[in-house]
Amino acid sequence: MAEGIRFAYQEFIDAYRDSLGAEAAGYVINEILDKQGWASKREFTKEEAMTICDCLKAKGGLVALVGGMLRARLVLRRK
């Protein structure tokens with residue numbers, strides 16, 4: 001992949017693991033990745049990660065809250 005900010009698949013899973021459990025976290029993230037055509041990706045550009053966060057926010061509830069926090073973290077990330 002080209003240089004730049006990257007967001008790993010595992011970071012999405014870890015963000016939801018405590019509140020949803022590992023299996024549910026994987027389901028939520030994988031559902032979004034499938035819809036975006038990124039099912040096999042495990043590392044995302046900043047733009048792709050922002051899209052994932054926006055999809056998480058659209059789900060509402062706790063998923064949306066954590067998605068918003070992830071998006072804020074991504075905006076602040078420099079490396």
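At what angle do the axes of H1 and H2 cross? I looked this up first.

**Ground rules.** I am reading a predicted model, where local features need pLDDT of at least 70, side-chain atom pairs count only at pLDDT 80 or more, and totals for chains, interfaces and linings use all residues. Residues are numbered from 1 along each chain as its sequence is written, and side-chain values use heavy atoms, with hydrogens and water left out.

**H1 and H2.** I find that the axes (lines fitted to C-alpha atoms over the stretch in contact, with angles from 0 to 180 degrees between N-to-C directions) cross at roughly 135° and come within 7 Å. The two helices (DSSP runs of H or I, at least four residues, numbered from the N terminus) are therefore oblique to each other. Oblique is what remains after under 35 degrees (roughly parallel), over 145 (roughly antiparallel) and 65 to 115 (roughly perpendicular). I listed the contact (heavy atoms within 4.5 Å). H1 contributes residues including Phe-12, Tyr-16 and Leu-20, and H2 residues including Ala-25, Ile-29 and Leu-33.

**H3.** I looked at residues 46-58 next. Helix H3 has 13 residues and reaches 18 Å from its first C-alpha to its last. Gly-60 follows H3, with a positive phi near 80°. Buried residues (under 20% relative accessible area, 1.4 Å probe, protein chains only) of H3 include Met-50, Ile-52 and Leu-56. Among the elements that cover the buried residues of H3 are H1, H2 and H4.

**Ile-52.** I checked this H3 residue by itself. Ile-52 counts as buried because its relative accessibility is 0%. Leaving aside neighbours within four places in sequence, Ile-52 is in contact with Phe-12, Ile-32, Leu-33, Trp-38 and Phe-44.

Methods: The expected span of a helix is 1.5 Å times one less than its number of residues. Buried means under 20% relative accessible area, exposed over 50%, partly exposed in between (1.4 Å probe, protein chains only).
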